[in-house]
Amino acid sequence: MTADSGTHTGREGTHPPVSPRTPELVLCAVDEPLATAWAAAAKKLTGRVRVHRGSVLDVVAQAVVSPANSYGWMRGGIDAVYARAFPGVEQNVRSAVLAFHGGELPIGDSVVVPTGEAEPAWLISAPTMREPGERLPADTVHPYLAARAVFLRWRDGRLDEGPVREIVDTIAMPGLGTGVGGVDPATCARQVAAAWEEVFRHTR
């Protein structure tokens with residue numbers, strides 16, 4: 001069910017080729033301010049990073065990122081979109097948070113759970129806020145912490161099927177905290193870029 005325990009319900013017996021030293025990161029935006037900020041950040045990054053103007057669900061990816069809250073509730077923003085698209089995924093997240101983190105997933109950590117679909121087969125939940133609907137301060141570093149948790153989970157995490165990096169080749173990421181959290185798109189993009197560089201700068 002999770003990065004620590006569970007089974008993969010889609011594409012049985014098949015995996016993408018063993019990933020290069022970084023995943024392909026697709027930065028998704030449905031509004032132009034975020035798309036512009038993503039594009040500016042992506043230009044400065046090495047590795048496989050690109051921008052998608054449109055829904056995160058339109059991207060062909062093995063995993064999508066949920067910029068969740070620490071309790072795993074998926075009732076607002078992109079999380080509500082995921083909950084409608086993947087019935088049962090909210091319960092998977094909440095079960096993983098309860099089983100491995102005592103009911104509260106700290107900001108700066110993440111869990112991987114199955115979506116129940118063939119693709120994307122996995123959802124990486126990385127909280128940007130402790131409480132659902134929390135408005136983040138202008139000086140927040142939560143997008144950085146959430147992105148770093150996603151990238152570390154890809155690099156170091158394991159599923160029952162094997163290392164996450166061998167199962168997930170492409171990660172689709174929406175804005176982190178830019179919706180309900182109120183984070184400025186440029187701030188989010190800079191912090192995601194900083195997290196990418198920190199985690200992957202020595203592996204390319």
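Author: In this predicted model, six strands form an open sheet with mixed pairing, and their order across the sheet is 2-1-8-3-5-4. Strand 2 and strand 4 (111-114) are the edge strands, each pairing on one side only. Averaged over the sheet and with direction ignored, neighbouring strands are turned by 25 degrees against each other.

Within this sheet, strand 1 (residues 24-29) and strand 8 (residues 170-173) run parallel and are joined by four bridges. Leucine 27 has methionine 173 in strand 8 as its bridge partner. Helix 4 packs on the sheet, where it touches strand 1, strand 3 (63-66), strand 4, strand 5 (122-125) and strand 8, and its direction makes about 165 degrees with that of strand 8.

A polar atom of the histidine 52 side chain lies 3.3 Å from the backbone oxygen of serine 55. Not counting residues up to four places away in sequence, histidine 52 touches Val26, Leu27, Cys28, Ala29, Asp58 and Val59, and Leu27 among them is the residue whose bridge partner in strand 8 is methionine 173.

Glycine 108 lies in the loop between helix 3 (89-101) and strand 4, and it counts as partly exposed because its relative accessibility is 32%, which falls between the limits of 20% and 50%. Although glycine 108 and leucine 145 are 37 residues apart in sequence, their C-alpha atoms are 4.6 Å apart in space. Leaving out residues up to four places away in sequence, glycine 108 touches Leu145 and Ala149.

Threonine 115 lies in the loop between strand 4 and strand 5, and with a relative accessibility of 2% this residue counts as buried. The side chain of threonine 115 reaches the backbone oxygen of proline 120 at 2.5 Å. Apart from its neighbours within four places in sequence, threonine 115 is in contact with Phe86, Val89, Pro120, Ala121, Trp122 and Leu123.

Helix 4 also takes part in aromatic pairing. The structure holds five aromatic pairs, one of which joins phenylalanine 151 and phenylalanine 200 in a tilted arrangement, with 5.8 Å from centre to centre and 50 degrees between the planes. Because phenylalanine 151 lies in helix 4 (residues 142-156) and phenylalanine 200 in helix 6 (residues 185-200), this pair ties together parts that are 49 residues apart in sequence. Phenylalanine 151 counts as buried, at 0% relative accessibility, and phenylalanine 200 likewise counts as buried at 0%.

The ring of phenylalanine 200 also pairs with that of tryptophan 154; their centres are 5.8 Å apart and their planes stand at 75 degrees, so the pair is edge-to-face, the cut-off for that class being over 60 degrees. Since tryptophan 154 lies in helix 4 and phenylalanine 200 in helix 6, this pair ties together parts that are 46 residues apart in sequence. Both tryptophan 154 and phenylalanine 200 are buried. Ring pairs link Phe151, Trp154, Trp196 and Phe200 into a cluster.

A further ring is involved with a charge: the charged end of arginine 94 sits over the ring of tryptophan 73, at 3.6 Å from the ring centre.

Technical notes:
Residues are numbered from 1 along each chain as its sequence is written. This is a predicted model: local features need pLDDT of at least 70, side-chain atom pairs count only at pLDDT 80 or more; totals for chains, interfaces and linings use all residues. Side-chain values use heavy atoms; hydrogens and water are left out. Rings of Phe, Tyr and Trp (its six-membered ring) pair if their centres lie within 6.5 Å; planes under 30 degrees apart count as stacked, over 60 as edge-to-face and the rest as tilted. Helices (H or I, at least four residues) and strands (E, at least two) are DSSP runs, numbered from the N terminus. Buried means under 20% relative accessible area, exposed over 50%, partly exposed in between (1.4 Å probe, protein chains only). A charge sits over a ring if NZ of Lys or CZ of Arg is within 6 Å of the ring centre and within 35 degrees of the ring normal. A polar contact is a pair of N or O atoms within 3.5 Å; within protein, one must be able to donate a hydrogen and the other to accept it, and residues adjacent in sequence count only if both atoms are side-chain atoms. Contact means heavy atoms within 4.5 Å. Two strands pair if DSSP finds at least two bridges between them. Axes are lines fitted to C-alpha atoms, for helices over the stretch in contact, and angles run from 0 to 180 degrees between N-to-C directions.
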